[in-house]
Amino acid sequence: CPTGIALSTPEGAIVFANPQFCAIYGYDWPELMGKNLRLLMAEPLGAEQEKEIIGALTSGESWRGQLTHRTKDGRTIRVRVILAAIRSPDGVVKHFLALHDDITEALAEQERRRRLESQLLQAQKLDALGTLAGGIAHDFNNILTGILGFSEIAREMAGGNFELQDGLKEITKAGLRAKDLVARILTFTRQSNAQLQPADLAQVVAEAVKLLRASTPATIEVSADLQPGVIRADPTQIQQVVINLGTNAVHAIGDRPGRVDITLRAVKVDEALAAELRELAPGDWMRLTVTDNGRGMDTATINRMFEPFFTTKRPGEGTGLGLAIVRAILNSHHGAVRVRSTPGTGTTFELYFPKSTETPLPDGGTSEAPGGGDREILVVDDEVSVGKFVSVYLKKLGYRPEVHTDPREALASFEKAPARFGAVVTDLTMPRMTGAELLERIRAHGRVVPAVIISGYSEDLMRLRSETVSHCAILQKPFTGEDLGRALDHVIRKA
C-alpha cells in the first residue's frame, strides 16, 4: 500500500501530510496540521534509541526502524519509519521528512506463520516419534505378552506356595505398569487410537475419582458432583485424563490443606463459546470441570502447559507428559479444553465432550474362559515366547494347538487337511505374510474358519477393524490367557 509521507519543522510540528499518512492514523489533515510528530507515539523513545536517531540525522544520514504509535481511535499500531533531514544549501536543517508504513498486520501475519511453522515442526517431531514408538511398542508388547502370560500360568501352577505366589504377583504388577507406560507413550504420540463406545461419562469419571481419592493425602479433599450423560468414549483413556488432572491439582496444592472439585454437567454450547473454542460447535455437550485451590499458573506457563516434556515440577516428580496426554486424548474424543488460572488462587480445567444419544453398552463382566472341546487350533506368531504362551494356555483350556512361527509353514499345514482346524489364532504383523493375508488364503478354500487376530500395534488393529473382517475377534497385546480364551470361544460360537 502507499507510504505515508509527512514534513515537519525541526521542532517536530507537522506542516504537510499526504492522504495515506492521515489514513494510517485516522485523522483529517486539518487535525494533524501543527501537531508534533511525538504526539503520535504510543510510548516514549528510549534514551539509546533517541540518541541513535539524533546521531543519524545530525550526521546527514537517514534513520530506519520500527516504532509503536497510536491512532486517533486509540489503537496501538506498529510503524516502519524512515526519517531524514532536509537542509538548505548552507547545511541548515529546514524540515524533517518522515515516511511511515503501517506494518501491524504484516507483523501479525508473520507471527501467525511463525506459530504455524512451529506447530508443523512439532507435528513432524511427533510423527517421527510416533513411528518410532509404534515400532518399539510392537516388539515390547510381544515381550510383555510372554512375561504376563507365563506369570499367569505360573501363578496357577504355584498352588499353595504363597511365597512364590507373592513373587509372581510382583512380576505381574511390574508387567502391568510397563503395559500402562507403553499405552501412555502411544497415546501421547497419537499412535494409539481411542476405541470409542457409548458410555455414561458419570460412571467412568466416578471410577477414576475413587482411584484419585485413594492416592490423595488426607489434607486434601476430593469432591465429585457428577450428572449422568452419555458420550462416545474410551473409558480407560477418560479415567487417565481425570487422574492426570487430579494428580496435577494435588501437586499444585502441595503440603497445605486444600480441595479438588470435580463436576460433570450437560451443557448447551452457544455461538459465543463456539467462537472462543474452535473445536466446539453449538449444541449438546458434556462439560467435565476439575478445579483446585493450588498455587495456580501464570500466563507463560498456561501458554506452554500442553507442550510435551514441559513441566514445572522438580526433577523426579514428573515427565511433562501428563497434560500432553490429556490434550491427545481430548483430540481423539473430538473434545475441547479451556483453562483458567490465577497465580496464588488456583486452576480450573473445563473439558468438553460431544454428547451422544446412543445407549451405553452393558458391562462385559469377568467370566472365566470356557473350555475348548478338544478342537485343534492353528497358532501362528513369529515371536516364539508368545506362541509358547498361547499354546500352553490353550492346552489348559482343552484345545489342541499346533504352533508355527512362519505363516507360510502354517498355510502349508492347513492346506494338507483344511477340515482339521477348528480355528486360527494368528499374529497380524509378521514377516513374509501378514495375519490378515494368511486368513484370507485359508478362507479361500471355501470355509470361513473362525479366527483371533492379535497384534502389538493398535494402528494395525484399527485398520483391520475398518476392513470389517467377519467371524474374527481382534485382540491387542499384551493380553491375558482369559482374554484369549473368551475371544476364541466367542468366534467359535458365532461361526
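**Exercise 1. Decide whether Phe-389 is buried or exposed in this predicted model.**

Step 1. Start with the number: the relative accessibility of Phe-389 is 0%.
Step 2. Recall the cut-off: buried means under 20% relative accessible area.
Step 3. Phe-389 therefore counts as buried.

Now try Phe-479 in the same way. Its relative accessibility is 2%, so Phe-479 counts as buried too.

**Exercise 2. Classify the aromatic pair formed by Phe-389 and Phe-479, and find where its two partners sit.**

Step 1. Begin with the count for the whole structure, which comes to 5 aromatic pairs.
Step 2. In the pair of Phe-389 and Phe-479, the ring centres are 6.0 Å apart and the planes make an angle of 35°.
Step 3. Planes under 30 degrees apart count as stacked and over 60 as edge-to-face, with the rest tilted. This pair is tilted.
Step 4. Now locate the partners. Phe-389 belongs to helix α11 (residues 384-396), while Phe-479 lies in the loop between β17 (472-476) and α15 (481-494). They are 90 residues apart, so the pair links distant parts of the chain.

**Exercise 3. Describe how α11 and α15 pack.**

Step 1. Take the geometry: the angle is about 65° and the axes are 10 Å apart.
Step 2. Angles from 65 to 115 degrees count as roughly perpendicular, so α11 is roughly perpendicular to α15.
Step 3. Find the residues in contact. From α11 come Phe-389, Val-390, Tyr-393 and Leu-394, and from α15 come Gly-481, Glu-482, Leu-484 and Leu-488.

**Exercise 4. Do likewise for α6 and α7.**

Step 1. Helix α6 (residues 201-214) and helix α7 (residues 235-253) pack at about 45°, with their axes 9 Å apart.
Step 2. With that angle, α6 is oblique to α7.
Step 3. The crossing is right-handed.
Step 4. Among the residues that meet here are Leu-201, Val-204 and Leu-211 in α6, and Ile-238, Val-242 and Thr-247 in α7.

**Exercise 5. How many disulfides does the structure hold?**

Step 1. Remember what you are looking for: a disulfide is a covalent bond between the sulfur atoms of two cysteines.
Step 2. The structure holds 0 disulfides.
Step 3. Cys-22, at 7% relative accessibility, counts as buried. Cys-472 has a relative accessible area of 18%, so Cys-472 is buried as well.

Note on methods. Residues numbered from 1 in each chain as written. Predicted model: local features only at pLDDT ≥ 70, side-chain atom pairs only at ≥ 80, totals over all residues. Heavy atoms only, no water. Phe/Tyr/Trp six-rings, centres within 6.5 Å; stacked < 30°, edge-to-face > 60°. Helix = DSSP H or I, 4+ residues; strand = E, 2+ residues; numbered from the N terminus. Buried < 20%, exposed > 50% of the residue type's maximum accessible area, 1.4 Å probe, protein only. Disulfide = S-S within 2.5 Å. Axes fitted to C-alpha atoms, helices over the stretch in contact; angles between N-to-C directions. Parallel < 35°, antiparallel > 145°, perpendicular 65-115°, else oblique. Contact = heavy atoms within 4.5 Å. Left-handed = near helix turned anticlockwise from the far one by under 90°.
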